[in-house]
Amino acid sequence: MWGAVITDAQATLEQSRKGQAMPSFKRTTALELVKLSNAVKPEEVIETVLAMYILHDQEPRKIKSDRALLTQMVRRVRGLTPLNAGSWIDGSTGKRKVAYRELSPRTVECMGKKLAAVFGPAGVTLARLEREDHQRRQRELTEYHQALGDIQ
């Protein structure tokens, strides 16, 4: 499915090169996805997106809305490659500084929705399985402590 998203993004860029009118956020989304696919292994993208779903499930206070989830997902995925970062030397400290170029909100939303459409079902399922596994371990630990208490 990731390959299909990249193929679609490449087709969008080709249409843009041929002069077809389209919203700039759509072209920018396609460009970001193609850059990402050229610089990062698909496994890294998948792991990052699935981890975001697990984080959202286990720490709901940290990511308060679906829109925030999409935004953070895009930031983390784009952070997998240094292509989206600019760097400079701070004159006062002499240290190298790095800053990531932010995308427009519509581009973030579009890219996030594409990632969610591809990996969302697996992410939700994985988060549910992780939660159930954690609850099972907690029950086993509680039963163990109760058994120890019964022995004493």
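**Reading what is buried**

Biologist: What does T107 count as here, buried or exposed?

Modeller: T107 counts as buried, because its relative accessibility is 2%. Buried means under 20% relative accessible area, exposed over 50%, and partly exposed in between (1.4 Å probe, protein chains only). One caution: this is a predicted model, where local features need pLDDT of at least 70, side-chain atom pairs count only at pLDDT 80 or more, and totals for chains, interfaces and linings use all residues. Residues are numbered from 1 along each chain as its sequence is written, and side-chain values use heavy atoms, leaving out hydrogens and water.

Biologist: Where does T107 lie, and which residues does T107 touch?

Modeller: T107 sits in helix α5; helices (H or I, at least four residues) are DSSP runs, numbered from the N terminus. Contact means heavy atoms within 4.5 Å. Skipping residues up to four places away in sequence, T107 touches F25, T28 and T29.

Biologist: How many residues has the largest nonpolar core?

Modeller: In soluble globular proteins, nonpolar side chains tend to be buried together. A nonpolar core is a set of buried Ala, Val, Leu, Ile, Met, Phe, Trp, Tyr and Cys residues joined through side-chain atoms within 4.5 Å. Here the largest one has 27, and W2, V45, V49, M73 and L115 have the most contacts inside it. Helices α1, α2, α3, α4 and α5 each give two or more residues to this core, with α5 giving the most, six.

Biologist: Which elements do the buried residues of α3 pack against?

Modeller: They pack against α1, α2, α4 and α5. Among the buried residues of α3 are V45, V49 and Y53.
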